[in-house]
Amino acid sequence: MKSLAKFIISTLAAVIVASCASNKPSTTIKAKSSTTKTSTSSSSSSSTKSGAVTKGKASYYADKFHGRKTASGEVYDKKKLTAAHRTYAFGTVVRVTNKKNGKSVDVRINDRGPFSSGRIIDLSRAAAEKISMVNDGVVDVEVKVISVP
């Protein structure tokens, strides 16, 4: 009888510990899921109206990302004129102007990012070359919404 009681108590203890352990990851997963759901929404917000302008810093994707999937599910091609933005809907077209030299390029948003503090957009390699920012790496830009899907 004592061994049955020990078995039941140890089983209950294991179930309690397991349920506590499994709750924490599911909470984390839910938080990431809701964040991702919000940031990958394809609906446009008021800040994505045509003509909206933001200013900040731009960077560009390293070559190692060529061929990898973007947040939109599209495969990143460094030769295409695409970009990553934290909130703009996938398919939004923006004009990015390098403040240093005045050169501009129109890119389509197909990914999320940048995830570096202080940056507002990550450009494909081709887009970075169009505005002559490859040597600088990070430049001050103006981003103007051209069209929203």
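## Phe65 and its partner

Let's start with Phe65: at 32% relative accessibility, this residue counts as partly exposed. Keep in mind that the model is a predicted one. Phe65 pairs with Tyr61 in an edge-to-face arrangement, with 6.1 Å from centre to centre and 75° between the planes. Tyr61 itself comes out at 9% relative accessibility, so Tyr61 counts as buried.

## Tyr61 on Tyr76

Tyr61 also pairs with Tyr76, and here the ring centres are 4.4 Å apart with the planes at 25°, so this pair is stacked. Planes have to be under 30 degrees apart to count as stacked.

Both tyrosines sit in the loop between strand 1 (53–60) and strand 2 (82–84), so their pair ties together parts that are 15 residues apart in sequence. As for Tyr76, its relative accessibility is 2%, so Tyr76 counts as buried too.

## The cluster

How many aromatic pairs does the structure hold? There are two. Ring pairs link Tyr61, Phe65 and Tyr76 into a cluster. Tyr61 takes part in the edge-to-face pair with Phe65 and in the stacked pair with Tyr76.

## A charge over a ring

One more ring is worth a look: Phe90. Arg112 lies over the face of Phe90, at 4.2 Å from the ring centre.

Terms used:
Residues numbered from 1 in each chain as written. Predicted model: local features only at pLDDT ≥ 70, side-chain atom pairs only at ≥ 80, totals over all residues. Heavy atoms only, no water. Phe/Tyr/Trp six-rings, centres within 6.5 Å; stacked < 30°, edge-to-face > 60°. Buried < 20%, exposed > 50% of the residue type's maximum accessible area, 1.4 Å probe, protein only. Helix = DSSP H or I, 4+ residues; strand = E, 2+ residues; numbered from the N terminus. Lys NZ or Arg CZ within 6 Å of the ring centre and 35° of its normal.
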